[in-house]
Amino acid sequence: MSLLPELRYPSVPELVACARALAGSEPGLCALRQVGVSRAGRPLHLLSVGHARRSVLVVAGAHANEPAGGSTLRMLAQRVAAERELRTGTSWHFLLCADPDGAALHVTPAPRSLLDYHLGFYRPTGAEQPEWSPSVLPPDRLPPETRTLTRVIDELRPYLQVTLHGTDLGGSWVQLTRDVPGLAEPFAKSAAQLHIPVETGASDAAGWPASGPGVHVMPGPETGVAYPSMPDDARHSTWYHAHRYGGLTAVVEVPMWASDLVDDPAPHPAPEAAMRRLAQRLLRDSSQVERVLTEALPRLDGADGPLLRAARWALELIPGLAEDWTHTAPAATTMAYVGSVDAFGRRLPLRAAAMLLRVLRQSGDRAAPDLERLVAAWSDAFAQRFRARWVPLDHQVEHQSRTVLLAAQQAREQADC
């Protein structure tokens, strides 16, 4: 049975229905339960397969705009239930969606272009993201989604937590809170078989040591960060919560659209100059969105919904980030790294513009048509610059699933040593 029609990602209700059907068909093996509620009162569900004390926790939907994880989670749950050897001595637990409120706002389940993807785009502020909120908020202000996630980790004490992420355009990479020896080679082999580039210089992991191409290990607390202005720090995220029980976290990223420009390890001929140019473009692009926002705000009658908050938050990050790129030595000097920063620099103002456009459309504001043309032009330029090619959904899911199973096997062998 196929996962879903091509180009279609599952909604949270579809994931819940699938999990409920699996639990109903295997009542002695699988169980589905509600483990919390979101800020808006939506349930958070955990599907468990197996009963062993040693456990793996798989989290989908931490970022609403990264939908492949839901499809991967569904495939993994079905496979673990069907293949006894995968659960021998290990139980598997699947948090179906860490942010159901965000998932309800990101409304592009079947994107056929980067423009289509951005016209329904939503990604919340850092403080509203379940995994990232501990890095920007004090413990007494954490959202209920974050408290649910950490409570599940406290209950299960997983030797491995895997969180399923994705990128709109680029390659695949893995971020680890502790190294998993032996993962890099089969990860690269899987990507090559499915024609997915390995993002060897991911800006998300700028300055981190690599245990192999595309496999990055988060630095310890004594190490500085590549972008000092950024408010969030992975070392304070929920990814480290499993460490208190001897576990670790693997963050597995897959692209929706691939670019072969993000896996070039060759030295860039002038990385510092390139970073300065990218910083200048970032400021120039963000200023165009700022002008639309400033001009439209008086007509929005004090609106402060999640879309507008997220758009303003993205714009607020940009001046400091541009300063980092201009005055801080590059974290890496490869073609791949500069390419990844180029993509990041296009992404931030485009996302802010896309979310602001949704606000303006909802209010019927006169600025919406011009902003839509800008979003369309930037989406097209992004795709053309990186020669974007769609990664079939079954390839996205297969590669992410393989990587999860590899990480579980290698981390278990490491723990048994």
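Two strands are said to pair if DSSP finds at least two bridges between them, and the exercises below apply this to a predicted model.

**Exercise 1. Describe how strand S9 is placed and which strands pair with it.**

Solution. Begin with burial, where a residue counts as buried when its relative accessible area is under 20%. Eleven of the eleven residues of strand S9 (residues 248-258) are buried, so the strand is largely enclosed by the rest of the structure.

Next, go through the partners one by one. Strand S5 (residues 160-170) pairs with S9 in the parallel sense, over ten bridges, and within this pairing Thr 167 has Pro 255 of S9 as its bridge partner. Strand S6 (residues 173-176) pairs with S9 in the antiparallel sense over four bridges, with Leu 176 standing opposite Ala 250 in S9. Strand S10 (residues 389-390) and S9 also pair in the antiparallel sense, over two bridges, and here Trp 257 stands opposite Trp 390 in S10.

**Exercise 2. Find the largest nonpolar core and say which elements build it.**

Solution. The largest nonpolar core has 61 residues, and those with the most contacts inside it are Tyr 227, Leu 321, Trp 325, Leu 356, Leu 360 and Leu 371. At least two residues of this core come from each of helix H4 (114-119), S9, helix H7 (271-296), helix H8 (306-327), helix H9 (335-363), helix H10 (368-385) and helix H11 (393-416). H9 gives the most to this core, with 15 residues.

To see one member in detail, take Leu 360: leaving aside its neighbours within four places in sequence, Leu 360 is in contact with Val 292, Ala 296, Leu 300, Asp 365, Ala 367, Ala 368 and Leu 371. As background, nonpolar side chains in soluble globular proteins tend to be buried together.

**Exercise 3. Count the cavities of 30 Å³ or more and compare their linings.**

Solution. The count comes to two cavities of 30 Å³ or more. The largest cavity has a volume of about 50 Å³, and its lining includes Leu 15, Cys 18, Arg 74 and Leu 96. Helix H1 (12-25) and helix H2 (68-82) are the elements that give two or more residues to this lining.

The second largest cavity has about 40 Å³ of space, and among its lining residues are Tyr 227, Met 275, Trp 325 and Tyr 337. By class, the lining of the largest cavity has eight nonpolar, one polar and one charged residues, while that of the second largest cavity divides into eight nonpolar, one polar and one charged.

Terms used. Residues are numbered from 1 along each chain as its sequence is written. This is a predicted model: local features need pLDDT of at least 70, side-chain atom pairs count only at pLDDT 80 or more; totals for chains, interfaces and linings use all residues. Side-chain values use heavy atoms; hydrogens and water are left out. On a 1 Å grid over the protein atoms alone, a cavity is a set of points where a 1.4 Å probe fits but cannot get out, and a pocket is an open set with protein on both sides within 12 Å along at least five of seven lines; lining residues have an atom within 4 Å of a point. Grid points are joined across faces, edges and corners, and a volume is the space filled by probe spheres set on the points. Ala, Val, Leu, Ile, Met, Phe, Trp, Tyr, Cys and Pro count as nonpolar, Asp, Glu, Lys and Arg as charged, and the others, Gly among them, as polar. Buried means under 20% relative accessible area, exposed over 50%, partly exposed in between (1.4 Å probe, protein chains only). A nonpolar core is a set of buried Ala, Val, Leu, Ile, Met, Phe, Trp, Tyr and Cys residues joined through side-chain atoms within 4.5 Å. Contact means heavy atoms within 4.5 Å.
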